[in-house]
Amino acid sequence: MAKRNRYAGVLQPRLVGRGGPQTAVLTLYDIEDDRLRGRVANICLDYGLVRIQFSAFLGKLNRNHREELTLRLSKEVGTALARLRVIPLCQTDFETMWILDQYRLPEETPALAAKPALRVIPSD
C-alpha cells in the first residue's frame, strides 16, 4: 500500500532559515522625523546593508532576511508619515551597475578628492 501524505490539504512544512539565494536589495526611505529616520538607518545597517545615499541602502539579502527587514521597518515606522521601499534587484542588473563616486569625505585630502572615480562592480 502506498504511503499517504499526511500533509495533504494543509500547509506544507518548510525548512526554517533557508531563504534561497541572496539577492541584491535597494532600500529607500523618505521620513520627516529625525529620530525615526536614524532608527530606520540603524536597522538597515544591522542587516548588513551599505549606505549609498543619505536615505538609500544597498546590499545582498536572502528571502527570509528581506521579509524580516520589511516587517521590522514597517513595525518601526508604525503610523508615522513615511515612504519606504525595499526593492529586490536581479543579479544581472546588480553586476552591471555603474558607480560614479565624486565627493569628499571629511578625512580625505583635497588632492585625492578632486579625482572622480568610476568603477563597475564585478560579479562575485
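1. In this predicted model, helix α1 spans residues 34–46, 13 residues in total. The distance from its first C-alpha to its last is 18 Å, close to the 18 Å expected at 1.5 Å a residue.

2. Five positions of α1 are named as buried: L36, V40, A41, I43 and C44. They lie on the same side of α1, because the arc they cover around the axis is only 155°.

3. Which residues does the face of α1 turned away from its buried side carry? The exposed residues there are D34, R35 and D46. Exposed here stands for over 50% relative accessible area, and buried for under 20%.

4. The cover over the buried residues of α1 comes from both strands and a helix. It includes β1 (23–31), β2 (50–53) and β3 (56–61), together with α2 (63–77).

5. After α1 comes G48, a residue with a positive phi, near 85°.

6. As for the chain as a whole, the protein has four helices and six strands. Read from the N terminus, the order of elements is β-α-β-β-α-β-α-β-α-β.

7. The protein chain has 124 residues, and 24% of them count as buried.

8. How much of the contact set joins residues 24 or more positions apart? Among contacts in the protein chain with a separation of 6 or more, such pairs account for 62%.

Conventions
Residues numbered from 1 in each chain as written. Predicted model: local features only at pLDDT ≥ 70, side-chain atom pairs only at ≥ 80, totals over all residues. Heavy atoms only, no water. Helix = DSSP H or I, 4+ residues; strand = E, 2+ residues; numbered from the N terminus. Expected span 1.5 Å × (residues − 1). Buried < 20%, exposed > 50% of the residue type's maximum accessible area, 1.4 Å probe, protein only. Arc of directions from axis to C-beta. Contact = heavy atoms within 4.5 Å.
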